Amino acid sequence: MLAGKTFFFIGAGNICESMVKGLLSTGIVRPGEIWVTNRSNTERLNFLRNYYGVVPVTDKKSAAGQADVIILAMKPQDVFTALEELKGAVNPEQLVISVLAGIPTGLIEEGLAEKVAVVRAMPNTSCAVLESATGLTPGRYTTPEQLELARSIFSMVGEVVVLEDESLLDAVTGLSGSGPAYVYYMVEAMEKAGEAAGIPREQARPLVLKTLMGAARMLMETGEKPETLRRQVTSPNGTTMAGINELEKANFQQTIRRAILKATHRSQELGQYLQKTANA
Ligand SMILES: NC(=O)C1=CN([C@@H]2O[C@H](COP(=O)(O)OP(=O)(O)OC[C@H]3O[C@@H](n4cnc5c(N)ncnc54)[C@H](OP(=O)(O)O)[C@@H]3O)[C@@H](O)[C@H]2O)C=CC1
Ligand SMILES: O=C(O)[C@@H]1CCC=N1
């Protein structure tokens, strides 16, 4: 299904590079099958060409007319300009994948002016190591085969969940799209705490990272609930209980909940704002 397909990334920033790195590492997609473009940053395109062997594109319209899969990967605020540049170039046989936070498929379909197949996807930067958690939802004109193509692309770089209700993609964005940043933030905090407790940074880091990896693998491989695994670590009146009590005092779970709901809300807000702009 994927062999020989060409991929055109419109927006060659962070998420583009994570996907490119992951796709190429599978060996299924070859560098010449990945085309990349930016608004103006040619230095970045040259870097991607030199480092990954992918193909920089200047004539967006012509490349968009030829690629099998077009991936919209600019900031949400830049979507209108990008769509204007693509108008009329994409046909219903092709597949457009948008990874833009908050942007509904309807807005992209309208912008492209043809009955083009659009899939909204929310991956995360762990695509680079084939461990993305990606939510997908089909647009109005997406055939089951085109949805399957999108699923197989993101399955190459991690786990895929297909959601029928597009509005849930905002929550996927708040949960797993932004999710790696919450984890990195926690790692930063744990490293600093390790240092504060006297462990040199170069030794704190491997301890924290292996703790993270080990806990993730325990969750995945035992199939136990996080709560069960947490209780196994927590001895009555022991060290873990002392630590967890402190997290409870700071309303840790409520704080995480608020963070994810805020991020979800921000995704909704971006979509609503840009939809209003489109209607104005
Ligand atoms: N970063 C992440 O973890 C994730 C991001 N996303 C989504 O992916 C999108 C991109 O995010 P990210 O990669 O972090 O952003 P970056 O700022 O790193 O990259 C965006 C790129 O888009 C380019 N661009 C802007 N306008 C156009 C245009 N009209 N035509 C072609 N290229 C254009 C910019 O080029 P130039 O520099 O020349 O202006 C820039 O290189 C966002 O919509 C975000 O919501 C989704 C999942 C995860
Ligand atoms: O921060 C953002 O808006 C993007 C969307 C998901 C991850 N990064």
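Mentor: One thing before we start: two residues are in contact if their C-beta atoms, placed from the backbone, lie within 7 Å. Also keep in mind that this is a predicted model.

Trainee: Got it. Which residues is Trp35 in contact with, leaving aside its neighbours within four places in sequence?

Mentor: Trp35 belongs to the largest nonpolar core, where it is among the residues with the most contacts. Once its neighbours within four places in sequence are left aside, the contacts of Trp35 are Thr6, Phe7, Phe8, Phe9, Val54, Val55, Val57, Ala63 and Ala67.

Trainee: And how many residues does that largest nonpolar core have?

Mentor: In soluble globular proteins, nonpolar side chains tend to be buried together. Here, Phe8, Phe9, Trp35, Ile70, Ile71, Leu72 and Val96 have the most contacts inside the largest core. The residue count for that core is 61.

Trainee: Let's zoom out. What percentage of the protein's residues are buried?

Mentor: The protein has twelve helices and eight strands, and its C-alpha atoms fill a box of roughly 65 × 40 × 35 Å along the principal axes. Of the contacts with a separation of 6 or more, 67% join residues 24 or more positions apart. Out of 280 residues, the buried share is 35%.

Trainee: How far apart are the end C-alpha atoms over residues 166-270?

Mentor: That stretch carries the label "domain: Pyrroline-5-carboxylate reductase dimerisation" in the unreviewed UniProt entry. The chain there is 84% helix and 0% strand. The distance between the end C-alpha atoms is 15 Å.

Trainee: On to the ligands. Which residues are closest to ligand 1?

Mentor: Ligand 1 has 29 residues around it, and they divide into 13 nonpolar, eleven polar and five charged. Helix H1 (14-26) and helix H4 each supply at least two residues of this shell. The closest are Gly11, Gly13, Asn38, Asn41 and Ala101.

Trainee: Which residues are around ligand 2?

Mentor: By class, that shell has one nonpolar, three polar and no charged residues. One of its members, Ala101, is also listed among the closest to ligand 1. The residues around ligand 2 are Ala101, Thr173, Gly177 and Ser178.

Trainee: What is Pro76 in contact with, leaving aside its neighbours within four places in sequence?

Mentor: Pro76 is in the loop between E4 and H4, and 18 C-beta neighbours inside 10 Å make it partly exposed. Leaving aside neighbours within four places in sequence, its contacts are Leu100, Ala101, Gly102, Ile103, Leu270 and Leu274.

Trainee: Now backbone angles. What is phi of Asn237?

Mentor: Most residues other than glycine have a negative phi. Asn237, in the loop between helix H10 (226-233) and helix H11 (239-249), has a positive one. It is exposed, because it has 7 C-beta neighbours inside 10 Å. Its phi is near 60 degrees.

Trainee: And what about phi of Ala113?

Mentor: Ala113 lies in the loop between helix H5 (105-112) and strand E6 (117-122). With 13 other C-beta atoms within 10 Å, it is partly exposed. Its phi is positive although it is not a glycine, at about 70 degrees.

Trainee: How far apart are the end C-alpha atoms of helix H8?

Mentor: Helix H8 covers residues 179-196, which is 18 residues. The expected span is 1.5 Å times one less than the number of residues, so H8 should span 26 Å. The model agrees, with the end C-alpha atoms apart by 26 Å.

Trainee: Last one: which residues does Glu191 touch, not counting those up to four places away in sequence?

Mentor: Glu191 is found in helix H8 and is partly exposed, with 17 other C-beta atoms within 10 Å. From Leu95 it is 96 residues away in sequence and 43 Å away in space, C-alpha to C-alpha. Not counting residues up to four places away, Glu191 touches Arg201, Ala204, Arg205 and Val208.

Key: Residues numbered from 1 in each chain as written. Chains lettered and ligands numbered in written order. Predicted model: local features only at pLDDT ≥ 70, side-chain atom pairs only at ≥ 80, totals over all residues. Helix = DSSP H or I, 4+ residues; strand = E, 2+ residues; numbered from the N terminus. Buried ≥ 20, exposed ≤ 12 C-beta atoms within 10 Å, placed from the backbone. Near = placed C-beta within 6 Å. Nonpolar A, V, L, I, M, F, W, Y, C, P; charged D, E, K, R; others polar. Core = buried A, V, L, I, M, F, W, Y, C linked by C-beta atoms within 7 Å. UniProt positions renumbered as here; feature names shortened; annotations may be inferred.
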